[in-house]
Amino acid sequence: MSERTATIASRVGLHARPAAIFAEAAGELDLEVTIAREGEPIDDAMDAASILSLMSLGASFGDVVVLRAEGAGADEALDRLVKILETDHDAE
């Protein structure tokens, strides 16, 4: 299983626009990607392609989250998703 950490860069956290951008990117993958706040049990990880899951995660600006995926291309996919989370989409 591949795993990456990312720091939420959007000033409003992982809500509304940033969550929609991230969920769309995760949903386009042929992998199941999960997301959880750093330090939470793996069993509490949520579907990264679900906007509702992302918003209920409650990740704020500066919070660290953990992304996990398994399968062919998981490393590259997680690297792309980390870049999305570490971009301030509210500044665009």
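Trainee: Which strands does helix α3 lie across?

Mentor: Helix α3 (residues 74–85) lies across β1, β2 and β4 (64–69), and runs at about 10° to β1. Helices here are DSSP runs of H or I with at least four residues, strands are runs of E with at least two, and both are numbered from the N terminus. Axes are lines fitted to C-alpha atoms, for helices over the stretch in contact, with angles from 0 to 180 degrees between N-to-C directions. Contact means heavy atoms within 4.5 Å.

Trainee: Before we go on, what kind of model is it?

Mentor: This is a predicted model, where local features need pLDDT of at least 70, side-chain atom pairs count only at pLDDT 80 or more, and totals for chains, interfaces and linings use all residues. Residues are numbered from 1 along each chain as its sequence is written, and side-chain values use heavy atoms, with hydrogens and water left out.

Trainee: Thanks! What's the strand order in the sheet?

Mentor: The order is β1-β4-β2-β3, in an open sheet of 4 strands with antiparallel pairing. Two strands pair if DSSP finds at least two bridges between them.

Trainee: Which strands stand at the edges?

Mentor: Those are β1 (2–7) and β3 (46–47); each has a single partner strand, so one side of each is left without a neighbour in the sheet.

Trainee: And how many bridges join β2 to β4?

Mentor: There are 5 bridges between β2 and β4, and V33 stands opposite A69 in β4. On β1 and β4 the count is 6 bridges, with E3 opposite R68 in β4. Strand β2 (residues 33–37) also pairs with β3, over 2 bridges.

Trainee: Switching to helices: at what angle do α1 and α3 pack?

Mentor: Helix α1 (residues 16–27) packs on α3 at about 170°, with the axes 10 Å apart. That makes the two roughly antiparallel (angles over 145 degrees).

Trainee: Which residues meet there?

Mentor: From α1 you have I21, F22, A25 and A26, meeting L81, I84 and L85 in α3.

Trainee: Last topic: which residues touch the most other members of the largest nonpolar core?

Mentor: L14, F22, I35, L81 and L85 do, in a core of 26 residues. Such a core is a set of buried Ala, Val, Leu, Ile, Met, Phe, Trp, Tyr and Cys residues joined through side-chain atoms within 4.5 Å, and buried means under 20% relative accessible area with a 1.4 Å probe, protein chains only. The largest share, 7 residues, comes from α3.

Conventions:
Parallel < 35°, antiparallel > 145°, perpendicular 65-115°, else oblique. Buried < 20%, exposed > 50% of the residue type's maximum accessible area, 1.4 Å probe, protein only.
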